[in-house]
Structures are given as structure tokens and as C-alpha cells.
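My notes follow in the order I checked things.

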Amino acid sequence: MKKTILSAFNLFLLVGIISFGMTSCKTKALTSQDFGEVEVTTHCAGSEFQSNSKAFRYSAIGESMDQMTAKRKAMSEARAGLAAAINTTVKGVTDNYVKSGNYNNKEELMNNYEGLTREVIDQQLGGTTVICEKTTMTKSGNYKYYVCIELGSNELLSSLNNRMTTDEMLKVDYNYEKFKKTFEEEMSKMGR
């Protein structure tokens, strides 16, 4: 009888060990944190803050121990990025516009357009609109400033038109409707 009780106890113990082992061996779902990764939220970013056919947009981040310095860094980066994006697009517009026309001295005309567009872009950057801004504080105590700025494509086109019609050399070969059509075609490449 002792042997039967001992065998029953051993069987009970064995079943307990096996069931404990089975429950403790479950695989847990791995997350990015298991690999040392943490998801980062980036404010003022995403599809609604990207350039499209209606406006040029650029997002930037600035970080500093001083809140105003973080803002200045972000705004400076945003303006530089916006200027580069506008410059690239307008260069494409002027290249296509000049190539499609019958102008005697295309090279000189291109140089004049490029110089004029740089001036206009520099002037227009002062008229940008902040469409998103957020300030956060990091664990280390630094301020982080997120910003997205935009410049409407119609405002840029209007400003370019005003400058081209006042420049004596460009006015001779300038056709607003043709330039506008080329500009709109280039803007439509950015999406809606």
C-alpha cells in the first residue's frame, strides 16, 4: 500500500511538473522593444504635411537646451529645405519652358531665369505659413521643436510673373500662359 501511495504521489508530481513546464514554455510575442527599439512619434510629419500641387511644404526638427534656440534651429532648417525644394521645381519649370520655346539665346535666357527665380524664392520665404508646430521636452531636459511650413504655389507663380514682366530682357520672350502651363504641369507631379 505504501508503494501504491508513493506511485500515485510520483505520478501526481510528474503530471504537475509536465503541466508547469508546458505553461512556462509558451513563446511570447516579440515586440520592437525586445530588440532595443522604441517607436518614435514625429510631429508635423506625414502625408498631410508633404508638398502637393497646391503648396510646397517642408517639415523640420530643432533641439536645444533653450526653447527659442530649438525653434530657431527648426525654422532655419525648414526654410532651407523649402527653398531647396522650390528651387528644384522652378528649375525644372524654367528648363522645360525655355526648351519648348524658340529663343535665340537659350543659355543666356536660362541664366537670367535662374537668377531671377533665386531672388523671388528668397523674397517669398518670408511669406511662408506655419501649418504645424509642437514643442516637447526630452528625457535629458532638451526642448524639441517640430514645425512644418508651407508656401502656396499660386503665390509663388504670381511673384515669379511679377518679376518676369518687370525684367526688360525677360519680358521680350516671356509668355505667361505658357509659363503657367509649364509650372502647373511640374506642380502636378507632386500629387494632390
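Predicted model: local features only at pLDDT ≥ 70, side-chain atom pairs only at ≥ 80, totals over all residues.

**Entry 1: the whole chain**

I started with burial: 32% of the 192 residues in the chain are buried (buried means under 20% relative accessible area, exposed over 50%, partly exposed in between, with a 1.4 Å probe and protein chains only). Residues are numbered from 1 along each chain as its sequence is written, and side-chain values use heavy atoms, with hydrogens and water left out.

I counted six helices and three strands (DSSP runs numbered from the N terminus: helices are H or I with at least four residues, strands E with at least two). Along the sequence the pattern reads α-β-α-α-β-β-α-α-α. Of the contacts with a separation of 6 or more, 65% are between residues 24 or more positions apart; contact here is heavy atoms within 4.5 Å.

**Entry 2: the sheet**

Next I looked up the strand order. The three strands form an open sheet, β1-β3-β2, with antiparallel pairing (two strands pair if DSSP finds at least two bridges between them). β1 and β2 (129-137) are the edge strands, each pairing on one side only. I found 10 bridges joining β1 to β3. One residue I checked was Ile-61, whose bridge partner in β3 is Tyr-146.

**Entry 3: the cores**

Which residues touch the most other members of the largest nonpolar core? They are Ile-86, Tyr-113, Val-147, Leu-156, Leu-160, Met-164 and Phe-179, out of 33 residues in that core. A nonpolar core is a set of buried Ala, Val, Leu, Ile, Met, Phe, Trp, Tyr and Cys residues joined through side-chain atoms within 4.5 Å. The elements giving two or more residues are β1 (55-64), α2 (67-100), α3 (106-124), β3 (143-152), α4 (153-166) and α6 (176-188). α2 gives the largest share, 11 residues. Apart from this core lies another of five residues, including Cys-44, Phe-49, Cys-132 and Tyr-146.

I then clicked on Met-164. Beyond residues up to four places away in sequence, Met-164 touches Tyr-113, Leu-116, Leu-170, Lys-171, Tyr-174 and Phe-179.

**Entry 4: Val-90**

Val-90 lies in helix α2. Is Val-90 buried or exposed? It counts as buried, because its relative accessibility is 1%. Leaving aside neighbours within four places in sequence, Val-90 is in contact with Thr-117, Leu-156 and Leu-160. Val-90 and Leu-160 are 70 residues apart in sequence, yet 9.7 Å apart in space, C-alpha to C-alpha.
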